[in-house]
Amino acid sequence: MKKKLFIDSLSIGSLKVNTPNQLHKHSKKGVLPKINVQSLYVKQFWLNNENLQAPIRLIGKNVLARGFKTEHERFKWMYFGGSFRDFQLSKPGLFITSKKIELNLAGNSSVEDISVLQHQNGDSINARIPLISIKSLIKSSDLEDASISNLTIQEPKIYVNKSHDSAKIKLHHNAFNFSHELAVHGVRIANGSFMINNAIKADTFFINSKFDVDVNLVRLKKDGWFELNNTTLAFKDMGLVKRGLFTNAAAVNFKFNDIKFNFKNRQIDVLNGWNVHSSALYLNKDSLSVSATEMLIKGGKADFSHQFGQQFELEKLIRNVSLSSSGIYFKNKTITADIKSAELHPELNKIALKQIQIKPVLSQEQLRVSKPWQSDYIEAKVGSVNFYKIEIAKILSKKNIELPLITIDSFSLFTSRDKRMPERFLIEKLMPSKLLASVKKPFHIGKINLTNGSVDVHEIAFKTGHEGVIELRDINTNLFNLSNSYGNGDSLVLVGKAMLFGKNELQVNYRESYLDSLSSFKMDMQLAPMQLPILNQVSTPLASLKINSGNSDKLIANWIGNKYYATGNLILPYKNLSVALVDNKNPNRKSFGLFLENSILNLFIKHKNNQPASIFFERNRNKFVFNYWIKTALSGFASAVGLNHINAKKNKNRMNIKYQLPAD
């Protein structure tokens with residue numbers, strides 16, 4: 001039977017504790033002798049623990065303990081405190097120091113000037129902390145029934161350097177094995193900063209940031225479990241450099257309701273939702289720049305688990321993720337895109353974009369200087385774009401993109417071309433089917449629904465120097481089956497209607513084959529009855545032709561074609577047609593020469609018509625398909641009124657020979 005030692009009061013002027021390594025080799029952990037000291041005071045204290053596994057050095061003074069006693073394998077006390085300095089702990093690959101420690105295990109304690117260095121094979125983690133303060137009530141060495149609160153880490157600076165691919169810096173999970181559960185209420189890291197330099201050639205990057213951390217409750221549990229409740233991570237001035245990619249975030253805040261770490265199994269569980277908010281995020285790579293303002297990502301209420309070292313299950317993570325941003329800006333070498341609002345709704349399988357503006361980087365004037373040849377200047381504005389039935393998780397996990405339905409509402413398109421500029425050598429604008437086929441990643445869009453749109457096609461004529469405008473209003477169109485992966489019989493289909501010059505309904509039905517190397521297509525067009533002088537806003541500035549009078553019945557046009565030419569028929573019943581040529585530079589100028597030309601012209605034109613006319617047009621492959629459609633229709637109109645005689649069969653044979661196409 002072991003005896004108990006009771007001491008009422010013990011005062012020590014100087015105490016030096018030196019435990020040589022040989023003692024640790026032969027010592028075994030067991031039950032401590034029973035000692036009870038009501039009051040223990042040590043004026044000067046030195047500790048030199050020479051254990052080769054974890055040597056410790058510490059100097060202290062005015063160490064005071066009340067109700068100090070041993071109990072089985074632990075120490076217990078009613079009060080313990082003192083002043084310490086020059087703390088050192090050294091383990092293989094780990095070195096920790098602190099210059100000053102003020103300890104009060106029944107009140108406020110502080111640790112100052114902390115340095116932590118972990119290194120392995122040239123890789124290192126270096127942390128410096130000016131101050132850690134804590135409020136606690138701890139009455140045993142194994143932390144049973146301990147109460148800890150207000151743990152604050154001030155201005156930590158963390159540096160991580162990694163240069164060896166084979167070496168991995170690991171946290172010692174044994175440090176988180178507790179014999180009793182421990183709760184810490186109120187943990188804060190204030191004004192911290194970190195810098196990570198990964199110099200491995202295969203994955204070089206550099207990241208730095210300032211940060212703050214607030215945790216409402218930390219629970220340290222048995223078997224290495226580590227739980228956080230109501231956690232906020234706030235990053236400021238975050239920067240990332242990786243392979244020419246530059247990323248900067250003014251402020252990024254992460255909020256988690258519940259997080260669980262298992263250091264032994266290297267597992268993390270995120271429970272009961274999370275969100276990320278960024279006030280401003282910037283990304284630059286070469287000539288590409290992207291920025292997003294007021295971006296909010298919400299993780300929903302679904303739980304998420306990941307074990308480090310295993311493949312990251314991105315699909316599972318984003319299944320319930322929602323995203324919103326009050327502004328996204330995109331810019332590359334040629335265009336800019338500005339989106340005022342973006343939202344992702346996983347519960348609705350929907351992405352919504354609002355107030356979009358797309359335009360070239362260069363203005364029209366700058367474009368003329370930098371590209372002194374004919375080119376199309378295009379600007380677009382869209383009220384809203386919605387992607388429906390879209391499963392983001394599946395798109396990210398698979399190699400193909402499937403978009404069942406896209407709606408585009410309240411859009412406007414502005415195009416302009418100056419034909420006074422010289423033609424550039426041929427750079428062929430692809431037909432729609434081949435343009436879609438040029439997209440590298442496989443995709444399929446079931447339907448695009450365009451509503452409440454408008455298009456303005458501006459052209460400055462070489463002959464007159466004046467600008468003509470074709471206006472389409474109230475555009476309501478459906479596009480079907482847009483894809484770069486298709487089978488036999490698949491075609492791109494467009495069915496829609498619009499108001500020509502805002503007054504006359506225009507209906508279009510277009511079908512283009514995906515499998516035909518020549519992009520063969522069929523076009524059907526109908527135009528409601530109209531007063532022909534409405535065409536003057538195009539015919540006068542572009543062709544110096546003024547329509548004085550005339551009215552038409554319903555126009556019906558059908559043509560077939562390929563990427564080289566189109567041919568077909570047009571029915572344009574009209575009557576009372578009267579036209580006049582005008583001066584190229586001044587449409588209001590009168591001259592005897594114009595009088596003679598108009599007298600001859602009106603002898604040849606048809607003042608009324610009920611007969612079908614031929615359509616033929618050879619495509620300018622430097623221009624977009626919309627120009628092709630318009631010019632083909634105008635060729636039929638010129639043929640119907642007698643301004644152009646078309647021998648469709650002869651022209652078709654000529655094109656087949658020119659482009660080495662098989663004869664029909």
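Student: In which strand is Ser209 found?

Tutor: Strands (E, at least two residues) and helices (H or I, at least four) are DSSP runs, numbered from the N terminus. Ser209 is found in strand S13, residues 205-220. This is a predicted model, where local features need pLDDT of at least 70, side-chain atom pairs count only at pLDDT 80 or more, and totals for chains, interfaces and linings use all residues. Residues are numbered from 1 along each chain as its sequence is written, and side-chain values use heavy atoms, with hydrogens and water left out.

Student: Is Ser209 buried or exposed?

Tutor: Buried means under 20% relative accessible area, exposed over 50%, and partly exposed in between (1.4 Å probe, protein chains only). Ser209 is buried because its relative accessible area is 3%.

Student: What does Ser209 touch?

Tutor: Contact means heavy atoms within 4.5 Å. Not counting residues up to four places away in sequence, Ser209 touches residues including Phe194, Lys236 and Met238. A polar atom of the Ser209 side chain lies 3.3 Å from the backbone oxygen of Lys236.

Student: How many bridges pair strand S15 with strand S16?

Tutor: Two strands pair if DSSP finds at least two bridges between them. S15 (residues 245-262) and S16 (residues 267-285) pair in the antiparallel sense over 16 bridges. Ala249 has Leu281 in S16 as its bridge partner. The two strands form a hairpin with four residues between them, and Arg266 in the turn has a positive phi of about 55 degrees.

Student: Which residues are buried in helix H6?

Tutor: In H6 (residues 536-543), they are Asn536, Val538, Ser539, Thr540 and Pro541. The buried residues of H6 pack against strands S26 (467-483) and S31 (545-552).

Key:
Polar contact = N/O pair within 3.5 Å; in protein donor to acceptor, adjacent residues only side chain to side chain.
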